[in-house]
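Q: Hi! Can you walk me through this structure in plain words?
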Protein chains: 2
Amino acid sequence: MTRSSAPRPKTKRGVERRAKLLAAAEQVIGEKGFAAASIADITRAADTALGTFYIYFPSKEALFRELVEDMGRATRTQATEQIAGAPNRLEAERAGLEAYLRVVRDRPLQYRIVEEARFVDPEAYRTYYTEFGKAYADQLEQAALKGEISQGDAEVRAWALMGIAKALGERYVLWDDNVEIDRVVAEAHKLICNGLAP
Amino acid sequence: MTRSSAPRPKTKRGVERRAKLLAAAEQVIGEKGFAAASIADITRAADTALGTFYIYFPSKEALFRELVEDMGRATRTQATEQIAGAPNRLEAERAGLEAYLRVVRDRPLQYRIVEEARFVDPEAYRTYYTEFGKAYADQLEQAALKGEISQGDAEVRAWALMGIAKALGERYVLWDDNVEIDRVVAEAHKLICNGLAP
């Protein structure tokens, strides 16, 4: 898989155009899928000339990888912010799960792109979840040290909890028009609380 | 998506050939991905003539759908068998998770095909997990009635537990060469037991 090798733009206009291409790509690839989405589709959606694409990205593959990497960073930052106010880890679990389900509802195309990365760019896919899993496990370890949750393998737990969030996001948010996020979170949180409680 | 419309073969030889094509398709599509796997690749792997394919399947799409449907049925049957000897639901959860992780280890291509169905045949993908989820929720409901686990929304729990199994299968089985299935199961089972205990 080609790495993004074009130098980052230095002018304000360049930075904006590049960001516009990434946003357009999220929309177009998310809707059509990677193979069907052409560079022409992306530049059209970004309201720019076809040749402009190559000023910023060497290939569609390189842009796709950057999209997934950006999403990974944004998701980790969001997760950290959304649980920042929680008084303890069990409350943070509730806040994190609720926030995740709301992101899936508000940005279903992002979810689809990350899942498609499994096939389009397996390394980017793996990095996305591995980085998230590491940050999650760190938090669980801290919480266990503080006695907010029981002792246990933090990494296995982090992946189990990510799995719960992903499965519920798929079933109750992506597939359901009338998602009752509050109810799903409350039910799952009972299981998680009992599962982790000290 | 085209439905499988060719009539099922009646002769022993026909039944065998059809099964051989399905097995070859699992191998070829699992390794190459759906788009890159040609019908010629599949018939070659099945050691049969190209034209034979169309006696049994109207299209590659139809064969793919049947592959996913077959896998769904097999997975549900296996799951039922593997937990049959468990004395109660919490032990069944352990046996089911362990069996699932062993299937991912022994048949990684099957896992990949089901995940690719999300993009190739979303309806088949959804049916696969929906049917599994229904059977799982039924069992949890029975267990709650018997007092083997606490009361709770059986469907949310079934999806949460499926999510745990999928995430651990990906992280510890597909991505790791030296998977310690016993350790992962033991760690996850503590969380699940506490989460569901009456």
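A: Happy to! Let's start with a term: buried means under 20% relative accessible area, exposed means over 50%, and partly exposed is in between (1.4 Å probe, protein chains only). This is a predicted model, where local features need pLDDT of at least 70, side-chain atom pairs count only at pLDDT 80 or more, and totals for chains, interfaces and linings use all residues. Residues are numbered from 1 along each chain as its sequence is written, chains are lettered from A and ligands numbered from 1 in the order in which they are written, and side-chain values use heavy atoms, with hydrogens and water left out.

Q: Which residues is Val114(B) in contact with, leaving aside neighbours within four places in sequence?
A: Met71(B), Tyr125(B), Tyr128(B) and Tyr129(B). Contact means heavy atoms within 4.5 Å.

Q: New topic: how many residues has the largest nonpolar core?
A: That core has 122 residues, and those with the most contacts inside it are Ile29(A), Leu168(A), Ile29(B) and Leu168(B). A nonpolar core is a set of buried Ala, Val, Leu, Ile, Met, Phe, Trp, Tyr and Cys residues joined through side-chain atoms within 4.5 Å.

Q: What does Ile29(B) touch, not counting residues up to four places away in sequence?
A: Its partners include Phe34(B), Leu67(B) and Ile113(B).

Q: Now charges. How many salt bridges are there over all chains?
A: There are 50, each being a side-chain nitrogen of Lys or Arg within 4 Å of a carboxyl oxygen of Asp or Glu.

Q: Which residue does Arg118(A) form a salt bridge with?
A: Glu170(B), with the closest N and O atoms 2.6 Å apart. This pair crosses between chains, from helix α6 of chain A to helix α8 of chain B. Both Arg118(A) and Glu170(B) are buried.

Q: What about Glu187(B) and Lys190(B): how far apart are their closest N and O atoms?
A: They are 3.6 Å apart, in a salt bridge. Because the two are 3 residues apart in helix α9 of chain B, about one helical turn separates them. Glu187(B) is buried at 17% relative accessible area, whereas Lys190(B) counts as partly exposed at 44%.

Methods:
Helices (H or I, at least four residues) and strands (E, at least two) are DSSP runs, numbered from the N terminus.
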